[in-house]
Amino acid sequence: MRSYPTGPAGRAAALAAALAVTVPLFAGAGPAVADDGRPDRDFTIEDPRITESSGLAASRAHPGVYWTHNDSDDGPHVYAVDSRTGKTLATITMRGVGEPRDVEGISIGPDGDLYVGDIGDNLDGTWDHVWIYRFPEPKTLRDATVTAVQYDVTYADGARNAEALMVHPKTGRVYIASKNEDGGGLYEGPAKLTAGSANVFRRVGEVPWVTDGAFSPDGTRLVLRSYFSAREYAFEDGRLGEDTSVAAPFQRQAESVTYTADGSALMFGSEGARSEVVRVETEGGKGSGSGSGGGSGEGSGAPSKGGDREGAGEAGEGGSGNAGLGAAVLVGVAALWFALKRRRK
């Protein structure tokens, strides 16, 4: 759900959102649906029902398809979107679950099941438990109603807000990253989720302010994004390792991220009507092709070869011009953020 922290950081985040609306007026149009018919490229979500896309997961059964959902007031629905066209191929309605409150994340486990995280809590402790819903990814893409398993989730150190749900692609263990302006935590669930009783998640690492996250297909990397940036962590034995910045695109409401099915790129999404999903190559991913039938070469969201940089990547045909303007805006916002933080202290 669109929510900003209170205090100076909140004003900075709100300013960034306002600037993000203004930037396109000067920078030109954003990425459009690829016209070459290849999957896993920049695309625009065309479905008018999807106005608050808050999570992304690359399908394992259907190359080039991405699962997403609205974050509130939409009922128990998830959508399969084709990255070739931006069109919705299937709407899945979950039955056997309560009324979703604040759905914020989606991930696919090694068993091919979809996990949907109803884990948002914008008042940081209003709800003593949150939920995860689980059902098998459909083999055929068509509108359907499926029976989902509902899991109750609590945190060992008390209730909190979260927007990132990640299922490890090898172990099947579920992780949640909490969202806090002063830094959140990475929480590890039990080895196996159990229906009918509380599943306690325990803090195993420290993370920055996170709006979404995803594991690489081989499970060795974990990417976490925020409104302004993204970082990729080495991941081994359930713990975070060395991290590097990722050239995340500048987006109006930076809410989601996932790896492509072959791990050659990251797909960054945002909220809003006709929201854009931007491809950014991972290190070593250029020219590697796609094991799931995706195209090779750099997408329009790919960072330049100039090395490691945090903030805005190239977005759309505006290319470096858009990236430069976006980077300048982010630098200004970051400077304001830290100035306000120092003043508050």
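How many helices and strands are there in the chain? The chain has 2 helices and 21 strands, where helices (H or I, at least four residues) and strands (E, at least two) are DSSP runs numbered from the N terminus. This is a predicted model, in which local features need pLDDT of at least 70, side-chain atom pairs count only at pLDDT 80 or more, and totals for chains, interfaces and linings use all residues. Residues are numbered from 1 along each chain as its sequence is written, and side-chain values use heavy atoms, with hydrogens and water left out.

**Confidence**

- The average pLDDT of the chain (the predictor's confidence in each residue, from 0 to 100) is 80, and 72% of the residues score at least 70.
- Residues 4–9 have pLDDT below 50, and beyond near neighbours in sequence this stretch has 16 contacts in the model, a contact being heavy atoms within 4.5 Å.
- The pLDDT is also below 50 over residues 11–34, a stretch with 47 contacts in the model beyond near neighbours in sequence.

**Chain as a whole**

- Of the 345 residues in the chain, 56% are buried (under 20% relative accessible area; exposed is over 50% and partly exposed lies in between, with a 1.4 Å probe and protein chains only).
- Among contacts between residues at least 6 apart in sequence, 55% join residues at least 24 apart.
- The accessible surface (Shrake-Rupley method, 1.4 Å probe) comes to about 13,900 Å², and carbon and sulfur atoms account for 51% of this area.

**Nonpolar cores**

- A nonpolar core is a set of buried Ala, Val, Leu, Ile, Met, Phe, Trp, Tyr and Cys residues joined through side-chain atoms within 4.5 Å.
- The largest such core has 19 residues, and W67, V78, M94, I106, V116 and F135 have the most contacts inside it.
- At least two residues of this core come from each of β3 (65–70), β4 (77–82), β5 (88–95), β6 (105–108), β7 (113–118) and β8 (130–136).
- Leaving aside neighbours within four places in sequence, V116 is in contact with V78, M94, V103, G105, I106, W131, I132, Y133, F135 and L165.
- Another core, of 15 residues, lies apart from the largest one and includes I132, Y155, L165 and F201.

**The β15–β18 sheet**

- An open, antiparallel sheet is formed by 4 strands in the order β15-β16-β17-β18, where two strands pair if DSSP finds at least two bridges between them.
- Its edge strands, β15 (212–215) and β18 (239–246), each pair on one side only.
- Neighbouring strands of this sheet are turned by 25° against each other on average, direction ignored; axes are lines fitted to C-alpha atoms, for helices over the stretch in contact, and angles run from 0 to 180 degrees between N-to-C directions.
- Strands β16 (residues 221–225) and β17 (residues 230–236) run antiparallel and are joined by 5 bridges.
- L224 has R231 in β17 as its bridge partner.
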